[in-house]
Amino acid sequence: MAKRLPARRLDGIDHNPWVEFGKMASEYDVVNLGQGFPDFPPPDFAVQAFQLALSGDFMLNQYTRAFGYPPLTKILASFFGKLLEQEIDPLKNVLVTVGAYGALFTAFQALVDEGDEVIIIEPFFDCYEPMTLMAGGHPVFVTLKPSPTGDGELDSAGNWRLDPTELASKFTSRTKALILNTPNNPLGKVFSKAELELVASLCQQHDVICISDEVYQWLVYDGHQHVSIASLPGMWERTLTIGSAGKSFSATGWKVGWALGPDSLMKHLRTVQQNSVYHCPTQGQAAVAQSFQHEQLHFGQPSSYFVQLPQAMWRSRDHMVRSLQSVGLRPVVPQGSYFLIADISDFKSKMPDLPGDVDEPYDKRFVKWMIRNKGLAGIPVSIFYSRPHQKHFDHYVRFCFVKDESTLQALDEKLQKWKDELRP
Amino acid sequence: MFLAQRRLCFLDSRAKFLKTIYSSKILGLPTSAMSLKIINAKRIEGLDSNVWTEFTKLAADPSVVNLGQGLPDISPPIYVKEKLSEIAAIDSLNQYTRGFGHPSLVKALACLYEKFYQNQINPNKEILVTVGAYGSLFNAIEGLIDEGDEVIIIMPFYDCYEPMVRMAGATPVFIPLRSKPVDGKKWSSSDWTLDPQELASKFNSKTKAIILNTPHNPIGKVYSKEELQIIADLCIKYDTLCISDEVYEWLVYTGNKHLKIATFPGMWERTITIGSAGKTFSVTGWKLGWSIGPNHLIKHLQTVQQNTIYTCATPLQEALAQAFWIDIKRMDDPECYFNSLPKELEVKRDRMIHLLESLGLKPIVPDGGYFIIADVSLLDADLSDMKDSNEPYDYKFVKWMTKNKKLSAIPVSAFCNAETKLQFEKFVRFCFIKKDSTLDAAEEIIKAWTRQKS
């Protein structure tokens, strides 16, 4: 074919860093703390809910309502209505999507136009930039910056903040949306109410839509509270709140997500949905509906999975924070999410010349070296930064701690070996 | 200034930074009546209406016999349901799988489809698993069709083709299937053809792709070798892509054969062939489909995938792979679902044709697919209470029939573009992949209707 093949909307977005690192992690004998998925099963009630969906009415094998299986939209509306203190209509204010990833895509396509600016807070879940570009939008980055920590003190994700003046300066008359991710991937920051109020006031002042990616909403530690920006005054009408069954129920392979918001925004997402995937698979939705029923019954109690999971992951986080330090990796203690990032500056100064391409950021070369030589896989944090800023943030590696106890023990074994090799 | 002070009370020790921006200039009263800018992106302008949303709601009344939306009310094969049940118990299958398609599924698809192509199919580079065939259409159009491109769409068309092409900023160019006069014999889907000169006139240097649907929804036409050759010749001459929607590929009836345009000389390199688990195994709710083609095309669909949904559900893909292995091993066996389903449906097709004829209609006998269209104007139904609506005749008819006869169908003008709705406004589409009791109920309604007429 002589004609130019790919559509122009794909320019600059074909590269996928995950493919490279995923491939390497499968080729070597590694403890894989790279990609963010649990290596333990979903809770029993969720597995049973799926089984029920499969063995029940055979018509669940057929199409359901395009915008969401009715029992699911109903329970999402009532569950989140309480949390957001908002009257949520299951038909008008809820859209079920193919994972939270699908909700993000649908939102960008519905609302971001050619020339629109989208404010993205760095470090960012890497799909926000290409999704903005694919919609013809222009990403405008603002960086979370760490304040210096005391000697011997561990850095914390809460220590990374936006400069309010800098943030305000990013808003222009062309700003269409700001994408917020709290708890944040990869850093693990949980935005405080005050920080959200700052973002909220700017969004209102500049008439900007807030796309709030809250997939890790239940995974908060140290007593931190997750706050949904949509619950702040004046924000429901301009916010899309995105959630994930995969992250809520440790079932990432079900690919069920949702967007919640006012009908004035949601109707546009519905238009995109009916012209892209149309329906989402029925049985996964039935399983998620049933799982939410369980959680609604146990809400706030020790028996709730949304209480048990963060408690367990809190311990895993602490385990990983302790373990990584033994080889000179310096973890930034996260307040929430599945991940922590570890500072590898010491390695950068001791082994600056690791093999790799001429322009390859240090952290990418470090991760490849670590996979090949130390049997440990993580993700270089520079992939969560815009191209121009990658060189300033090439000294961190992201590790996922939402793993089984046996995986964390395997991590300890690898680190012990590594530590032994460090001795002269 | 009161508001500023209240705000500062909520702040933590970083208040000193925030004071700089909370000057009176910036601090406005948050107004709940704030109007938002033009909210939606231009790409979705005019694409908000959808025939299914309207008609599915109408047919949702349980007292209505629903022959409208194309979904089976028969059970999927038992082994398909069983596989899914078994799979759901396997831990690892509850987590993410490979984005472009679960390894065991793309392997099964490669193995199956290699039987039809001269070349081997690379499961990783030449196959993409999508959210239904619908998702494949979307990935293909978003990946390969640009603003300013022209895309040829054959009318009537599965209704999503037009809005998807428009959403990509391209211009749909329509060409209708036209019927020869058929006095003295049964009207068949093969009587509906494209005029070769008319088709050739639609191609030009801007033509990026043609969308082909065979077997065809809603008419049921199965394109012949000669017809496909005409299309292939034009694609090669104008260096055009072919997006071939073959979701009903197994559903062809006696005397017909499904042919893949991608197997024609010169066509593999310019064709995306789309298939559907939903239509293959009667599991529309699994929403799994696939695109098969050369890597220089598939890689762009894969780029779309990694920027849209990233990956499809894992347990469903594994179950589908296993169901495929069962039937791949017995392709010549009448028990193979690819053989047994069309046999089962041919009986239902013939029954439905007979029923519609008994009502005085002239249905078009489909050579494939699971729909029948019929000209309903012959019934001369009294649609006087729908007279205020300026909808096409068939929309009004279907609403009247649903309300008064408790039988639903889909208006065929929904499968036409705005300018040509009138060409098909007398036709209504009936779906026959329904269990016997549904067809019995339809029969009762039709018998009563017939009695009422005479």
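Predicted model: local features only at pLDDT ≥ 70, side-chain atom pairs only at ≥ 80, totals over all residues.
**Strand S3 of chain B, and the spaces in the model**

Let me begin with a pairing: strand S3 and strand S7 (residues 207-213) of chain B run together in the parallel sense over 4 bridges, where two strands are said to pair if DSSP finds at least two bridges between them. Helices (H or I, at least four residues) and strands (E, at least two) are DSSP runs, numbered from the N terminus. Residues are numbered from 1 along each chain as its sequence is written, chains are lettered from A and ligands numbered from 1 in the order in which they are written, and side-chain values use heavy atoms, with hydrogens and water left out.

Together with helix H7 (residues 161-167) of chain B, S3(B) and S4(B) make a right-handed β-α-β unit; right-handed here means that, with the strands pointing away from the viewer, the path from the first strand over the helix to the second runs clockwise.

How many of the residues of strand S3 of chain B are buried? For S3 (residues 150-155), the count is 6 of 6, where buried means under 20% relative accessible area, exposed over 50%, and partly exposed in between, with a 1.4 Å probe and protein chains only. In a regular strand, side chains alternate between the two faces of the sheet. Here, Glu150(B), Ile152(B) and Ile154(B) point one way, whereas Val151(B), Ile153(B) and Met155(B) point the other way, and all are buried.

Let me turn to the cavities. On a 1 Å grid over the protein atoms alone, a cavity is a set of points where a 1.4 Å probe fits but cannot get out, and a lining residue has an atom within 4 Å of a point. Grid points are joined across faces, edges and corners, and a volume is the space filled by probe spheres set on the points. The structure holds 9 cavities of 30 Å³ or more, and the largest cavity has about 320 Å³ of space.

Which residues lie nearest the centre of the largest cavity? Of its 25 lining residues, they are Tyr63(A), Tyr134(B), Tyr158(B), Tyr248(B) and Lys279(B). Helix H6 (132-144) of chain B gives the most to this lining, with 4 residues. The lining divides into 12 nonpolar, 9 polar and 4 charged residues, where Ala, Val, Leu, Ile, Met, Phe, Trp, Tyr, Cys and Pro count as nonpolar, Asp, Glu, Lys and Arg as charged, and the others, Gly among them, as polar.

The second largest cavity has about 130 Å³ of space, and of the 16 residues that line it, the closest to its centre are Phe105(A), Ser276(A), Val277(A), Thr308(B) and Ile309(B). Helix H4 (99-111) of chain A and H6 of chain B each supply at least two residues of the lining of the second largest cavity, and by class that lining has 6 nonpolar, 10 polar and no charged residues.

Methods
1 Å grid on protein atoms, 1.4 Å probe; cavity = no way out; pocket = protein on both sides within 12 Å on 5 of 7 lines; lining within 4 Å.
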